[in-house]
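Subject: Structure handover

Hello,

Here is the structure for your files. My notes follow below it.

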Amino acid sequence: MDVTLRFRAFQLATHYWEARWIEEMQINLEKSYKDGFTRDKKTRRWRRYAKITPCFVSTLYKTPDFFSAYEGSVTPIRNLIDLLVIDEAGQVAPEIAGATFAMARCAVIVGDEAQIQPVSTSLISVDRANLTHYGLLDPSWAARESELFVEKSGMAASRGSVLRIAQRASAYQYEDYELRGMFLRDHFRCQPQIMDYFNNLSYDGILRAVNPRFADIQVAPELPFMGYARITNSKAEKVGGSRVNRIEARTIIEWLLHSQALIDWLHNSMAAQKLRKRFASPELNLSQVIGIVTPFKQQANIIKSLLKQTGKTALQNIKVGTVHTFQGGEQPIIIFSPVYDTPSSSYFFDRDKSMLNVAVSRAQESFLVFGSMAIFRPKEHGKPSEQLASLLFKYPQNELSNIPIIK
């Protein structure tokens, strides 16, 4: 029905409402009608717009302004939005979305609890005090009890999210998953060997890969699905509150310029053939297939600068960003620049599972780590980086050869 009857019905409905818009505009012109900022006129304007484009896209910061009226003072127009859809809701702090919810009749909340959480400067002690003051928290609870309540409620400014609130309110629950809500189990983006990492790390192994190519990683005539480039002279530096590794950055650039493995992948792989069809081009631009992710903003800035210095448009347009800025993105090949050069028990990307979950899941065909391999110590059920190391070192073929040596 979705590709036959429903699609035809949608086309007919679209043209029906276009005709209604023309009819209304004709009446408005005949009567010299003028829009205003009162509740009635603002409501009428948005309903007129919806006859042409029923879906409006906005940030949660601006939506309350759009759907407010002025009648002596600015007041929200409650229930004007028929359906509110919030994407990436796991990144949305509850206090940011509260005003928009008041303007909607119902909502669909979409997001991933296992990915990057909202960045907050609030303290949980302030949340506890506010919740107690307004009678939402039992003052007799011990500190740990109240802290657990704040964490699970999802409504706290210090560690809440719109997604967590929606999960608590949902009447649905996937049978094998602890969190409530509808669970999208089928995974289309990544090759199964890539998906295995974040599936076991963050989703209790219940994702199902729906990708047509199940090539054996040991005999694949292209880049490995989970690979690494060993940089033995990697050197990390602190820059302000961030970190950089210039040798790591320069090695990535040189590899992009001269890698035979990358050239072979661009010419011979099934994934590249599909991309050429999608872009209707006999040649692929590197910016169409490469993304570079790092935990540190200063490292991303250095890589961008070095790409610009090459003078090659294909390299200058490669997407580079931190794990936080890359969430929601994807590329066939993702290069991960970890920056650290010596073993430690407190890597930034090991603080919670979400960092490496997001980094690895950006890759559709190949995830490649460029850095000091001394920082990755294999352990099947250890920290996120240790679980990643177990997959990186699983096959000898996962190590990239002919890596340029930068001094």
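**Salt bridges and a covered helix**

Glu 23 and Arg 20 sit three residues apart, about one turn of the helix, and both belong to helix α1 (residues 5-30). Helices here are DSSP runs of H or I with at least four residues, strands are runs of E with at least two, and both are numbered from the N terminus. The two side chains form a salt bridge, at 3.9 Å from N to O. The term means a side-chain nitrogen of Lys or Arg within 4 Å of a carboxyl oxygen of Asp or Glu. Glu 23 is partly exposed, at 47% relative accessible area. Arg 20 is partly exposed too, at 29%. The cut-offs are under 20% relative accessible area for buried and over 50% for exposed, with partly exposed in between (1.4 Å probe, protein chains only).

Before you go further: this is a predicted model, in which local features need pLDDT of at least 70 and side-chain atom pairs count only at pLDDT 80 or more, while totals for chains, interfaces and linings use all residues. Residues are numbered from 1 along each chain as its sequence is written, and side-chain values use heavy atoms, with hydrogens and water left out.

**More pairs**

By the salt-bridge rule, the count is 13. Side chains of opposite charge can pair when their charged atoms come close.

Arg 48 is in helix α2 (residues 39-52) and Asp 35 is in the loop between α1 and α2, so the bridge ties together parts 13 residues apart in sequence. Is Arg 48 buried or exposed? Arg 48 is buried, with a relative accessible area of 6%. Asp 35 is partly exposed, at 34%.

Asp 82 and Arg 105 also meet in a salt bridge, at 3.2 Å from N to O. This pair links distant parts of the chain, 23 residues apart: Asp 82 lies in strand β3 (residues 81-86) and Arg 105 in strand β4 (residues 104-109). Asp 82 is partly exposed, at 45% relative accessible area. Arg 105 is exposed, at 51%. Elsewhere, salt bridges that share partners join Glu 24, Arg 44 and Lys 51 into one network.

**Helix α8**

Helix α8 (residues 192-202) is mostly covered, with nine of its eleven residues buried. Among them are Ile 194, Met 195, Tyr 197, Phe 198 and Leu 201. Pro 192, Gln 193, Asn 199 and Ser 202 are also on the buried list. What do the buried residues of α8 pack against? Their partners are strands β5 (186-187), β6 (208-209), β7 (226-230) and β13 (363-371), plus helices α15 (354-361) and α16 (384-392). Just after α8, Asp 204 has a positive phi of about 55 degrees.

**The whole protein**

The protein has 16 helices and 13 strands. Its C-alpha trace spans about 75 × 65 × 45 Å along the principal axes. Of the 407 residues, 43% are buried. Take the contacts (heavy atoms within 4.5 Å) with a separation of 6 or more: 66% of these are between residues 24 or more positions apart. The accessible surface (Shrake-Rupley, 1.4 Å probe) is about 22,600 Å², and carbon and sulfur atoms hold 54% of it.

Best wishes
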